[in-house]
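Welcome! Please take a moment with the sequence and the 3D view below, and then we can walk through them together.

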Amino acid sequence: EPYISKWIVKSVTTGKTYEVIEFDRKLGRIPCGRTDFYGYRRRFYDIFDLEMRKIENGTNSENNKDTI
């Protein structure tokens, strides 16, 4: 979800947990609960994995829009 993307990116790139970034000084409070946050984070990794597989197979996401 776009409204929590900043927190997802921060969590993924820094390895910080929901509890650590829940009340981020710069971003503010995460606008969803812990369970939803981790669900969105898992979805991020799902999409990332799909895109990496496409790259490994020599295809790109523009040609395979219907797979996501």
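## The overall layout

Which pattern does the protein chain follow when read along the sequence? The pattern is α-α-β-β-α, made up of 3 helices and 2 strands. Please keep in mind that this is a predicted model.

Of the 68 residues in the protein chain, 21% are buried. Looking at contacts between residues at least 6 apart in sequence, 33% join residues at least 24 apart.

## How α1 meets α3

Two packed helices are described by the angle between their axes and the distance between the axes. Helix α1 covers residues 5-14 and helix α3 covers residues 34-56. Their packing angle is about 70°, and their axes lie 10 Å apart. Angles of 65 to 115 degrees count as roughly perpendicular, so α1 and α3 are roughly perpendicular to each other. The crossing of α1 past α3 is right-handed.

Which residues bring the two helices together? From α1 come Trp 7, Ile 8, Ser 11 and Val 12, and they meet Phe 37, Tyr 40, Arg 41, Phe 44 and Tyr 45 of α3. Sorted by class, this contact has 7 nonpolar, 1 polar and 1 charged residues.

## A look at Phe 44

Is Phe 44 buried or partly exposed? Its relative accessible area is 31%, and buried would need under 20%, so Phe 44 counts as partly exposed.

Once neighbours within four places in sequence are left aside, Phe 44 is in contact with Ile 8 and Val 12. Ser 5 is 39 residues away from Phe 44 along the chain, yet the C-alpha atoms of the two are separated by 9.3 Å.

## The nonpolar core

The largest nonpolar core has 9 residues: Ile 4, Trp 7, Ile 8, Tyr 18, Ile 21, Ile 30, Cys 32, Phe 37 and Tyr 38. At least two residues of this core come from each of α1, α2 (18-21) and α3.

Let us pick out Ile 21, a member of this core. Leaving aside neighbours within four places in sequence, Ile 21 is in contact with Trp 7, Lys 10, Ser 11, Lys 16, Gly 28, Ile 30 and Phe 37.

## Glu 22, between α2 and β1

Where is Glu 22 placed? You will find Glu 22 in the loop between α2 and β1 (23-24). With a relative accessible area of 17%, Glu 22 falls under the 20% cut-off, so this residue is buried.

Setting aside neighbours within four places in sequence, Glu 22 is in contact with Gly 28, Arg 29 and Ile 30. Gly 28 and Ile 30 are also among the contacts of Ile 21.

Methods: Residues numbered from 1 in each chain as written. Predicted model: local features only at pLDDT ≥ 70, side-chain atom pairs only at ≥ 80, totals over all residues. Heavy atoms only, no water. Axes fitted to C-alpha atoms, helices over the stretch in contact; angles between N-to-C directions. Helix = DSSP H or I, 4+ residues; strand = E, 2+ residues; numbered from the N terminus. Parallel < 35°, antiparallel > 145°, perpendicular 65-115°, else oblique. Left-handed = near helix turned anticlockwise from the far one by under 90°. Contact = heavy atoms within 4.5 Å. Nonpolar A, V, L, I, M, F, W, Y, C, P; charged D, E, K, R; others polar. Core = buried A, V, L, I, M, F, W, Y, C linked by side-chain atoms within 4.5 Å. Buried < 20%, exposed > 50% of the residue type's maximum accessible area, 1.4 Å probe, protein only.
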